[in-house]
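Please have the sequence and the coordinates open alongside.

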Amino acid sequence: MPRTSSSPRRRSRLLRATAALAVLVALAGYMAVQYLSGHKGAPRCTVGPVGEGEGRTYELSPDQAANAATISAVGTTRGLPERAVTIALATALQESALRNIDHGDRDSLGLFQQRPSQGWGTPEQIMDPVYSSGKFYEHLAEVPGYSRLPLTVAAQRVQKSGFPQAYAKHEPDAALLSAALTGSAPASLSCSLPSEAAGGPGDASEVRADLVRAFGKDVLPSTGSAGATAASTVSVPVRADDDATARRGWELAHWAVARAGTLRIDEVSYAGRVWTADTGWRTEREGSGSGTVRMRLAQ
């Protein structure tokens with residue numbers, strides 16, 4: 001009997017091999033296009049290491065970073081210490097993963113999973129990150145000696161959670177975030193935001209309104225000195241002649257980086273350093289006396 005040119009099994013193997021080769025060729029082509037086009041993948045933010053050299057880092061999404069920046073700003077505006085911000089951030093990491101979610105256990109809502117039925121506010125209020133952060137700090141400040149308590153104890157006094165020990169695992173990441181967002185760790189927060197995610201031009205009035213909501217009206221001393229130097233730039237004067245005021249400048253600069261995706265900020269500069277989504281922080285010029293945090297908006 002004459003042999004056929006190929007058996008069904010051989011044809012099946014050939015088809016599988018051809019399909020696999022096609023997938024590999026397509027994947028190689030995709031990666032080549034992405035490399036040539038400078039695609040950076042999904043937007044992300046990285047905080048740390050604190051100080052020179054290698055150390056711990058923590059990665060989060062721009063949305064999470066924006067919420068963390070709001071939590072920090074509300075705390076420092078109330079005159080609370082970095083430890084309070086660390087406690088608040090660890091709590092929000094456990095309760096919502098730093099996402100302003102509209103659901104939870106029973107009627108729990110928002111960053112801290114606060115419950116309207118327990119007197120935390122209306123659902124609309126709790127879904128406002130500025131309001132919910134303020135309510136958390138309001139209750140935390142009523143805990144005697146909270147800054148000296150273990151984080152799990154301090155957080156539990158506010159939250160009354162069924163799983164109080166769960167807050168502990170977030171303390172290292174929360175400490176990194178709070179060091180950056182309160183300004184004690186300069187140039188330690190950077191975000192990568194692909195240009196296609198920019199969403200159009202930035203609005204200087206929106207940036208100023210967001211600054212005031214987070215930091216209070218005193219963040220902009222006057223329209224003349226803290227307004228936009230041009231339609232595309234918002235400038236906030238900050239004295240940098242001592243550690244406290246320099247720290248304030250880095251707090252504002254990191255807030256701007258964390259909120260860059262939301263507010264469509266292309267560039268942030270302060271104290272001789274410049275951040276862009278493409279390069280991260282780089283040195284622009286050495287030295288700084290009095291300084292200004294400048295935010296250049298997308299056009």
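How many bridges join strand β5 to strand β8? Four bridges join β5 (residues 265-270) to β8 (residues 291-297), and the two strands run antiparallel. The model is predicted: local features need pLDDT of at least 70, side-chain atom pairs count only at pLDDT 80 or more, and totals for chains, interfaces and linings use all residues. Residues are numbered from 1 along each chain as its sequence is written, and side-chain values use heavy atoms, with hydrogens and water left out.

**Overall content**

- The chain has eleven helices and eight strands; these are DSSP runs numbered from the N terminus, with helices being H or I of at least four residues and strands being E of at least two.
- Of the 299 residues in the chain, 44% are buried, where buried means under 20% relative accessible area, exposed means over 50% and partly exposed lies in between (1.4 Å probe, protein chains only).
- Contact means heavy atoms within 4.5 Å. Of the contacts between residues at least 6 apart in sequence, 62% join residues at least 24 apart.

**Five-stranded sheet**

- Five strands make up an open sheet in the order β4-β8-β5-β6-β7, with antiparallel pairing; two strands pair if DSSP finds at least two bridges between them.
- The edge strands, β4 (233-238) and β7 (280-283), each pair on one side only.
- From one strand to the next, the twist averages 15 degrees; axes are lines fitted to C-alpha atoms, for helices over the stretch in contact, and angles run from 0 to 180 degrees between N-to-C directions.
- Six bridges join β4 to β8 in an antiparallel arrangement, and Pro237 stands opposite Thr292 in β8.
- Because five of its six residues are buried, β4 is largely enclosed by the rest of the structure.

- Ser269 lies in strand β5, and its bridge partner in β8 is Arg294.
- Ser269 counts as buried because its relative accessibility is 12%.
- Neighbours within four places in sequence aside, Ser269 is in contact with Val274, Thr292, Val293 and Arg294.
- Leu297 belongs to strand β8 and counts as buried at 1% relative accessibility.
- The C-alpha atoms of Leu297 and Ala204 are separated by 7.5 Å, although the two residues are 93 residues apart along the chain.

- Helix α8 (residues 204-215) lies across β4 and β8 and runs at about 35 degrees to β4.
- Helix α10 (residues 243-258) lies across β4, β5, β6 (273-276), β7 and β8, at about 170 degrees to β5.
- The expected span of a helix is 1.5 Å times one less than its number of residues. For the 16 residues of α10 this should give 22 Å, which agrees with its end C-alpha atoms being 22 Å apart.
- The buried residues of α10 include Trp250, Leu252, His254 and Trp255.

- Three strands form an open sheet in the order β2-β1-β3, and their pairing is antiparallel.
- β2 (58-60) and β3 stand at the edges with a single partner strand each, so one side of each has no neighbour in the sheet.
- Neighbouring strands of this sheet are turned by 20 degrees against each other on average, direction ignored.
- Four bridges pair β1 with β3 in the antiparallel sense, and Val47 stands opposite Leu189 in β3.
- The structure holds one disulfide, defined as a pair of cysteine sulfur atoms within 2.5 Å.
- Cys45 and Cys191 form the disulfide, with their sulfur atoms 2.0 Å apart. The pair links distant parts of the chain, 146 residues apart: Cys45 is in strand β1 (residues 44-47) and Cys191 in strand β3 (residues 189-192).
- The link of Cys45 and Cys191 is right-handed, with 105 degrees about the S-S bond. Both Cys45 and Cys191 are buried.

**Nonpolar core**

- A nonpolar core is a set of buried Ala, Val, Leu, Ile, Met, Phe, Trp, Tyr and Cys residues joined through side-chain atoms within 4.5 Å.
- The largest nonpolar core has 73 residues, and those with the most contacts inside it are Tyr137, Leu211 and Trp255.
- Helix α3 (residues 82-96) supplies the largest share of this core, eight residues.
- Residues up to four places away in sequence not counted, Tyr137 touches residues including Ile71, Val74, Arg78, Leu80 and Ala88.
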